[in-house]
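Reader: I would like to learn how helix packing and the division into domains can be read from a model. Could we work through one case together?

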Amino acid sequence: MKNSKSVAFVREGMIDQQPAPASQIGAVRWLKDNLFSSVLNSILTIISLLVIFWVLSGIVPWMFGGVWNASSLSECRDILNERYGNTHYACWAVLTERWQQLLFGFYPAEEIWRAVVAFVLMLVAIAPVLFESVPRKLLWVTIAFPFLMVWLVWGGPIWGPLLVALGFVLFYVSYVVLERKSSTLLALIGSLVIGLVWWMFCVGPLSEALGSALPIGDLERVESRVLGGFMICVIIGLSGIALSLPIGLILALGRQSNLWVVKAICVGFIEFIRGVPLITLLFTASLLLNYFLPPGTAFDLTLRVIIMVTLFSSAYMAEVIRGGLAALPKGQYEAADALGLDYWQSQRLIIMPQALKISIPGIVNTFIGLFKDTTLVMFIGIFDMLGLSNAIRANSAWNGINWELYIFIGLVFWICCFSMSQYSQWLERKLRTGHH
């Protein structure tokens, strides 16, 4: 019998690497862990699959067996009767016939190219803001886009948007000059007064004079009442998003100010706006505001709606940012003081970047809510996509159609809101907001 002590338990050769068992990797393992981990989960999975199959067996044929080419609902039903012997299928022909109206409202057909160019410029303008990899030179397009968009969509000579842009240059130059001779607050107030005087009293007369003398880039004027569809939702939503963030930031800082006057104004504004439904503010912009304006004053309805939507969103944005500021440890403020930074330097370099990173989910959630709330303009006579769907269904040719229009409108809004949500999650992962 061999001595047990002479048996070596040390491996003398390498064993070839073996693949993992099929039941422990890939789809099989995922199914086992997530869908069939127990008897109860297996039963629920089978029931769920049966329900999904039952739902899809009715929806898929209805969607993909529909008619895309017809001039009316009755013609669409005749085609379905001839093809299937019944009318239990979708009539997508309403989209192929009225897509232009759903996207652009009653915008003149021969001028739709202007809206398309403005939309493309919008994508180019927001690209360098959202992604660092985009060339920084495109930021000039970002700066110029608001003025180009107004000129393209509403038309008229290009002098109006150029003079409005010049007002911002005057605002900045006057601020720099005044800050050297006075405090930051007085410089801000003085430059703001100069800008308002320029925009309110100088832009109009100068624009008309230059337009008559040098009619450069004179596009056909388009009234705001013909704007509608998806285009008006994008204009109001994008304007509200771009303007509400800086205003909300200022309100959040003002609410935490040690100056009781500034704090009282910011708190009063925020609480008043948050306590009033948006539809009330829209009715105020549409109907009541005219009573407080001088007789004969022409104040564009779309501009009034943009202002009200911006103010409404700013109040909610201020609270989201205030939550981010409150979440910062007190040591961050003390560190800024220890570095010898003044208030604005500490906010710009230390406090606000961290607060905004913390607030990303709330900020994007406010943006998504704002974009969806643009559909409320239908109640004050602006024909957004939902308002146009009612107008289309009121037409005798398409009276009785419902699901197809609402599915299309819902899909458009879902794509936009889902894109914002995904960008928010990508930005959070990039900035690692959950790590300290």
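Reader: How are α4 and α16 oriented to each other, roughly perpendicular or oblique?

Author: Bear in mind that this is a predicted model. Angles from 65 to 115 degrees count as roughly perpendicular, and over 145 as roughly antiparallel. Helix α4 and helix α16 (residues 385-394) pack at an angle of about 130°, with their axes 11 Å apart, and they are therefore oblique to each other. The crossing in which α4 passes α16 is right-handed.

Reader: Which residues of α4 and α16 make the contact?

Author: From α4 come Val 94, Arg 98, Gln 101 and Leu 102, and from α16 come Met 385, Leu 388 and Ile 392.

Reader: At what angle do α4 and α17 pack?

Author: Helix α4 (residues 93-104) meets helix α17 (residues 403-431) at an angle of about 50°, and their axes lie 11 Å apart, which makes α4 oblique to α17. Here, α4 passes α17 in a right-handed crossing. The contact is built from Val 94, Leu 95 and Leu 102 on the α4 side, together with Glu 404, Leu 405 and Phe 408 on the α17 side. Its residues comprise five nonpolar, no polar and one charged.

Reader: Into which domains is the protein divided, and how many residues does each give to the contact?

Author: The division gives domain 1, covering 30-92, and domain 2, covering 113-431. Taken over C-alpha atoms, the centres of domain 1 and domain 2 are separated by 41 Å. Nine residues from domain 1 and eight residues from domain 2 take part in the contact.

Reader: What is the area buried between domain 1 and domain 2?

Author: The general idea is that the size of an interface is often given as the accessible area lost when the parts come together. For domain 1 and domain 2 the buried area is about 660 Å², and carbon and sulfur atoms give 72% of that area.

Definitions and conventions:
Residues numbered from 1 in each chain as written. Predicted model: local features only at pLDDT ≥ 70, side-chain atom pairs only at ≥ 80, totals over all residues. Heavy atoms only, no water. Axes fitted to C-alpha atoms, helices over the stretch in contact; angles between N-to-C directions. Helix = DSSP H or I, 4+ residues; strand = E, 2+ residues; numbered from the N terminus. Parallel < 35°, antiparallel > 145°, perpendicular 65-115°, else oblique. Left-handed = near helix turned anticlockwise from the far one by under 90°. Contact = heavy atoms within 4.5 Å. Nonpolar A, V, L, I, M, F, W, Y, C, P; charged D, E, K, R; others polar. Domains from an automatic or database assignment. Buried area = accessible area lost by both parts, 1.4 Å probe.
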